[in-house]
Amino acid sequence: MSTTAKKTAVALKKGTGRKATAIRTKVHFFKPKTLKLARNPKVIVKASKAAEGEKKYDVIKYPLTTESAMKKIEENNTLVFIVNVTANKRQIKDAVKAMYDITAAKINTLIRPDGLKKAYVRLSPDQEAADVANKLGII
């Protein structure tokens, strides 16, 4: 066996110790495929809600009694509630009507940084928020 054949055999067995650079044949770089994890939702939206029935007590958790909420009651004819995160404005409107017998003119919602959903329920002009809050025991 010649010396070059021996060197080639040793290089094949052990490796040469240097890494060949990849030869790029295309001008576009494609990001390499990485690990794709399955979805892990924090709130389960689709469980078996349709079979359970009426949810008015699950939509509204409790009325908010902070200073800013009191100001909304006095100045804007608006009640403030903490509601279920998955509840939409229509569900909130129906739940308020069913539980407290008040008609909402408009509902604004936001999700607070702590993860709770806050609903601002503006009452119709013929109803007074202060009277409703008094009846609920907020004031």
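This is a predicted model: local features need pLDDT of at least 70, side-chain atom pairs count only at pLDDT 80 or more; totals for chains, interfaces and linings use all residues.
At the N-terminal end, the cap of helix 5 is Asn88, which places a side-chain oxygen 3.3 Å from the backbone nitrogen of Arg90.

Which residues of helix 5 are buried? They are Ile92, Ala95, Val96 and Tyr100. These four lie on the same side of helix 5 because they cover an arc of only 100 degrees around the axis. The exposed residues Arg90 and Asp94 are carried by the face of helix 5 that is turned away from its buried side.

The packing partners of the buried residues of helix 5 comprise both helices and strands: helix 3 (56–59) and helix 6, together with strand 1, strand 2, strand 3 and strand 4.

Four strands form an open sheet in the order 1-2-4-3, and their pairing is antiparallel. Strand 1 (60–63) and strand 3 (104–111) are the edge strands, each pairing on one side only. From one strand to the next, the twist averages 30 degrees.

Strand 3 and strand 4 (residues 117–123) run antiparallel and are joined by seven bridges. Thr109 has Ala119 of strand 4 as its bridge partner, and Lys106 is partnered by Arg122 of strand 4. The hairpin of strand 3 and strand 4 has five residues between the strands, and in this hairpin Gly115 takes a positive phi near 95 degrees.

## Helices packed on the sheet

How are helix 4 and helix 6 placed relative to the strands? Helix 4 (residues 67–76) packs on the sheet, where it touches strand 2 (78–83) and strand 4. The direction of helix 4 makes about 145 degrees with that of strand 2. Helix 6 (residues 129–136) also packs on the sheet and touches strand 2 and strand 4, but its direction makes about 45 degrees with that of strand 2.

Within helix 4, the buried residues are Ala69, Met70 and Ile73. They cover an arc of only 105 degrees around the axis and therefore lie on the same side of helix 4. Strand 2 and helix 6 are among the elements that cover these buried residues. On the face of helix 4 turned away from its buried side are the exposed residues Glu67 and Glu75.

Is Asn77 buried or exposed? Its relative accessible area is 14%; because the cut-off for a buried residue is under 20%, Asn77 counts as buried.

Leaving aside residues up to four places away in sequence, Asn77 touches Lys72, Val121, Arg122, Leu123, Ser124, Gln127, Glu128 and Ala129. One of these contacts, Arg122, is also the bridge partner of Lys106.

Methods. Residues are numbered from 1 along each chain as its sequence is written. Side-chain values use heavy atoms; hydrogens and water are left out. Two strands pair if DSSP finds at least two bridges between them. Helices (H or I, at least four residues) and strands (E, at least two) are DSSP runs, numbered from the N terminus. Axes are lines fitted to C-alpha atoms, for helices over the stretch in contact, and angles run from 0 to 180 degrees between N-to-C directions. Contact means heavy atoms within 4.5 Å. Buried means under 20% relative accessible area, exposed over 50%, partly exposed in between (1.4 Å probe, protein chains only). The arc is that of the directions from the helix axis to the C-beta atoms. A polar contact is a pair of N or O atoms within 3.5 Å; within protein, one must be able to donate a hydrogen and the other to accept it, and residues adjacent in sequence count only if both atoms are side-chain atoms.
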